[in-house]
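Student: I am new to this structure. Could you walk me through how to read it?
Tutor: Gladly. Here it is.

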Amino acid sequence: MGQYFSNEKLPSKVKKTTCNILNHSFTFLTDNGVFSKDGVDFGSRLLLESIPLKEVGAKVLDVGCGYGTLGIVVSKLTGAKVDMVDVNLRAIHLANRNIKENDCINALAYESNCYSEVSELYNTIITNPPIRAGKKIVYDIVLNAVNYLDVSGKLFLVIRKEQGAKSLINDIKDVYDVTVLERSKGFYILECVKKIIR
């Protein structure tokens with residue numbers, strides 16, 4: 001939980017990583033006290049490779065953005081306006097540096113505890129939720145996304161089987177129509193379509 005909420009006491013050691021995602025090259029600055037500091041993690045990569053990018057729409061929100069992988073890749077490859085939020089101040093600082101590093105003109109990262117500072121509606125919300133922050137935070141991100149999606153909005157997320165993927169699917173089915181887009185190495189990629197209340 002420490003990496004999610006506070007890392008001010010950890011010594012900073014910024015390093016540059018590079019990766020190729022969907023045949024495009026990206027550079028990310030990482031640091032101590034942020035998720036996946038050694039480079040893009042398997043779950044985030046699988047999520048990006050599974051999302052139907054042509055369907056994300058013009059406005060996207062990346063919740064728990066870390067140093068910006070999901071939001072930056074989606075913005076660069078689709079041209080969508082992407083807002084990126086995290087409670088980790090070091091992560092936000094890195095995300096904004098990475099936005100510039102990747103010449104990503106349509107993205108902005110800012111501090112928000114889940115949706116506390118979010119006020120707009122989005123076509124798509126994406127998240128690799130911070131499992132180490134605990135079930136309450138994960139469910140807050142997933143279930144409350146529905147309040148920030150437009151009428152046809154979708155939530156895309158990655159979660160591991162051993163971290164409760166099946167129970168999460170069951171727990172959110174009253175709010176979303178859930179499709180498992182991909183399974184690999186214990187990771188589930190979920191597409192959650194906001195249910196229309198009649």
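## Reading the model, feature by feature

Student: What should I know before I start?
Tutor: This is a predicted model, where local features need pLDDT of at least 70, side-chain atom pairs count only at pLDDT 80 or more, and totals for chains, interfaces and linings use all residues. Residues are numbered from 1 along each chain as its sequence is written, and side-chain values use heavy atoms, with hydrogens and water left out.

Student: In what order do the strands form the sheet?
Tutor: Start with the general idea. Strands of a sheet pair through backbone hydrogen bonds, either parallel or antiparallel. Here 7 strands form an open sheet in the order 5-4-3-6-7-9-8, with mixed pairing. Strands are DSSP runs of E, at least two residues, and helices are runs of H or I, at least four, numbered from the N terminus. Two strands pair if DSSP finds at least two bridges between them.

Student: Which are the edge strands?
Tutor: Strand 5 and strand 8; each pairs on one side only. The twist averages 20° from one strand to the next.

Student: How many bridges join strand 7 to strand 9?
Tutor: There are 7, and the two strands run antiparallel. As one example, Ile-159 has Tyr-188 of strand 9 as its bridge partner.

Student: Which strands does helix 2 touch?
Tutor: Helix 2 packs on the sheet against strand 6 (122–127), strand 7, strand 8 and strand 9. Its direction makes about 45° with that of strand 9. Contact means heavy atoms within 4.5 Å. Helix 3 also packs on the sheet, touching strand 3 (59–63), strand 4 (81–86), strand 5 and strand 6. The direction of helix 3 makes about 180° with that of strand 4.

Student: At what angle do helix 2 and helix 3 pack?
Tutor: Two packed helices are described by the angle between their axes and the distance between the axes. Helix 2 (residues 42–50) and helix 3 (residues 69–78) pack at about 25°, with axes 10 Å apart. Axes are lines fitted to C-alpha atoms, for helices over the stretch in contact, and angles run from 0 to 180 degrees between N-to-C directions. The two helices are therefore roughly parallel (an angle under 35 degrees).

Student: Which residues make the contact?
Tutor: Helix 2 brings Ser-44, Leu-47 and Leu-48; helix 3 brings Thr-69, Leu-70, Val-73 and Val-74.

Student: How many residues of helix 3 are buried?
Tutor: Buried means under 20% relative accessible area, exposed over 50%, and partly exposed in between (1.4 Å probe, protein chains only). Helix 3 is mostly covered, with 7 of its 10 residues buried. Among them are Gly-71, Ile-72 and Ser-75. Gly-79 follows helix 3 and has a positive phi, near 80°.

Student: Is Asn-98 buried or exposed?
Tutor: Buried, at 0% relative accessibility. Asn-98 sits in helix 4. Leaving out residues up to four places away in sequence, Asn-98 touches Thr-27, Phe-28, Leu-29, Tyr-67 and Ile-72.

Student: What is the phi of Asp-103?
Tutor: Most residues other than glycine have a negative phi. Asp-103 is not a glycine, yet its phi is positive, about 50°. Asp-103 lies in the loop between helix 4 (89–101) and strand 5 (107–111). Asp-103 is exposed, at 58% relative accessible area.

Student: Where is Lys-185 found?
Tutor: In the loop between strand 8 (176–184) and strand 9 (187–194). Lys-185 has a positive phi of about 55°, although it is not a glycine. Lys-185 is exposed, with a relative accessible area of 66%.

Note on methods. Angles under 35 degrees count as roughly parallel, over 145 as roughly antiparallel, 65 to 115 as roughly perpendicular and the rest as oblique.
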